[in-house]
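Overall shape comes after that.

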Amino acid sequence: MDPAASPDSSPTRRETDSLGSRDVPVDAYWGIHTLRAVENFPVANRAISVYPDLVNALAIVKQAAARANVEIGVLDPRKAHAIEAACEEIRGGALHDEFRVGVIQGGAGTSTNMNSNEVIANRALELLGYAKGDYEHLHPIDDVNRSQSTNDTYPTAVKLAMSFALATLVDELGRVAASFAAKGREFRDILKVGRTQLQDAVPMTLGQEFTGFAHTILEDQQRLRDTLPLLAEINLGATAIGTGITADARYAEAVRRHLSDLTGIEMVTAPDLIEATSDAGVFMTVSGALKRSAMKLSKICNDLRLLSSGPQAGLGEILLPPRQAGSSIMPGKVNPVIPEVVNQVAFAIAGSDVTVTMAAEAGQLQLNAFEPVIANSVLQGLGWLTRACETLRENCIDGIQPNTGRLAQQVETNIGVVTALTPYIGYAAAASIAHTALATETSIATLVVAAGLMSAEQVEHVLSPARLSGLEAITTSIPVVTAEQISKHLASLDQAHADETAG
């Protein structure tokens, strides 16, 4: 479908490029290059405007370029002022719907660059008092794209957009970690059974479990933060392949400085512009860190689903906030929908990381033509994970409650507590006690006291929540039960079993 056509025959303006002339809606801020790209790439059904960070980054790059071009004397200050004003409006949220080209496109991002050149030029023309498309007064390429190529402006804008989106995600991960840490403090004294390989293990507190979740998130927050300086290395001034053709020798440093001023980020010009123009390695690094964060968060969500499973036939240790009906056939069923959506976001990010890896590898010679799919993959993942974290925090973590009755019952009957007694009665006696507890469904404490291995007071102290969870360290020497005592204990257990069988 021709985006210039309309059922009511709206007025158009005629624009011309090297391939010929086309009609563009008279009110459109985009022009003929955007028109052709929209026709050529009806693939994703998603325009680049779905990523406001990218649109804003494009405007910032064009604004920095205009300032630099005036500084070195290659752009009329009046034109530059109008370009800057248009860019400021875009950064303020205006005209984003004019960025029409698809997120997936051929041409290494040329269509995106052309789209931004045209929107900025036509708005600048209006500000100067001219009609849209009156390019003899201010031209999308000769003026807005002055000293630039898609091959240096587009990757720079993509890096900026990723930096903005990463900063937002890093902040949200901090809030998620804080929510888990708050639950850790709230659940500090609630004892529970730990598990390894889905089998009962030694006790811990529910607070320790949630504090562990918080620290996991903080670690990945830092890994993502570590990638931000890598995204600050740019190749502006490289133009087509890194040789700087058509750009004044002073331009690269001037545009770097102005871009730093506009963003508040200290940008660095790559030491080898030819290498920087062809290399997409930084995007693999960012994507890898994003995948790691998503996978770790997904693992935590798996744990939340397991811990809340049931409510009757599962673990049932925690209660997730009920968010919606869980079944169209089973009345009363409530599912862990919030952790589930985070899981699915993580799966998508893992798949996108493969896409980024393949696209980065597929670059040839002096340019990587596949940065649009890289940009889409990473920016989508950053946005999705940020919003997934937000709903996880607000609609799940903050409302989690402990199932204290279930937790207490599990700890009381759990044979894993016998591990705490091994320093006092030895491994062999502890193993025997554990087997007997399982067979007779008798508590560990009762069996130890009955066997005369420890007094009730000693058992109570050793099996206190503080000791079982490691909150209270063992700081004194511990008398270990002798082999003779173990033998006597085992004999007494055998005799008791024989008496029970005979009876």
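I started with α6 and helix α12 (residues 371-395): their axes come within 9 Å and cross at roughly 20°. Axes are lines fitted to C-alpha atoms, for helices over the stretch in contact, with angles from 0 to 180 degrees between N-to-C directions. That makes α6 roughly parallel to α12 (angles under 35 degrees; over 145 is roughly antiparallel). I counted 18 nonpolar, three polar and five charged residues in the contact of α6 with α12. Ala, Val, Leu, Ile, Met, Phe, Trp, Tyr, Cys and Pro count as nonpolar, Asp, Glu, Lys and Arg as charged, the others, Gly among them, as polar.

This is a predicted model: local features need pLDDT of at least 70, side-chain atom pairs pLDDT 80 or more, while totals for chains, interfaces and linings use all residues. Residues are numbered from 1 along each chain as its sequence is written, and side-chain values use heavy atoms, without hydrogens and water.

Next I checked α6 (residues 150-186) against helix α7 (residues 206-231): the axes come within 8 Å and cross at roughly 165°. The two helices are therefore roughly antiparallel to each other. The α6 and α7 contact has 17 nonpolar, seven polar and three charged residues.

Then I looked at the whole protein chain. Its C-alpha trace spans about 110 × 55 × 35 Å along the principal axes. Buried residues (under 20% relative accessible area, 1.4 Å probe, protein chains only) make up 48% of the 503 residues. Of contacts (heavy atoms within 4.5 Å) between residues at least 6 apart in sequence, 72% join residues at least 24 apart.

Conventions:
Helices (H or I, at least four residues) and strands (E, at least two) are DSSP runs, numbered from the N terminus. Angles under 35 degrees count as roughly parallel, over 145 as roughly antiparallel, 65 to 115 as roughly perpendicular and the rest as oblique. Buried means under 20% relative accessible area, exposed over 50%, partly exposed in between (1.4 Å probe, protein chains only).
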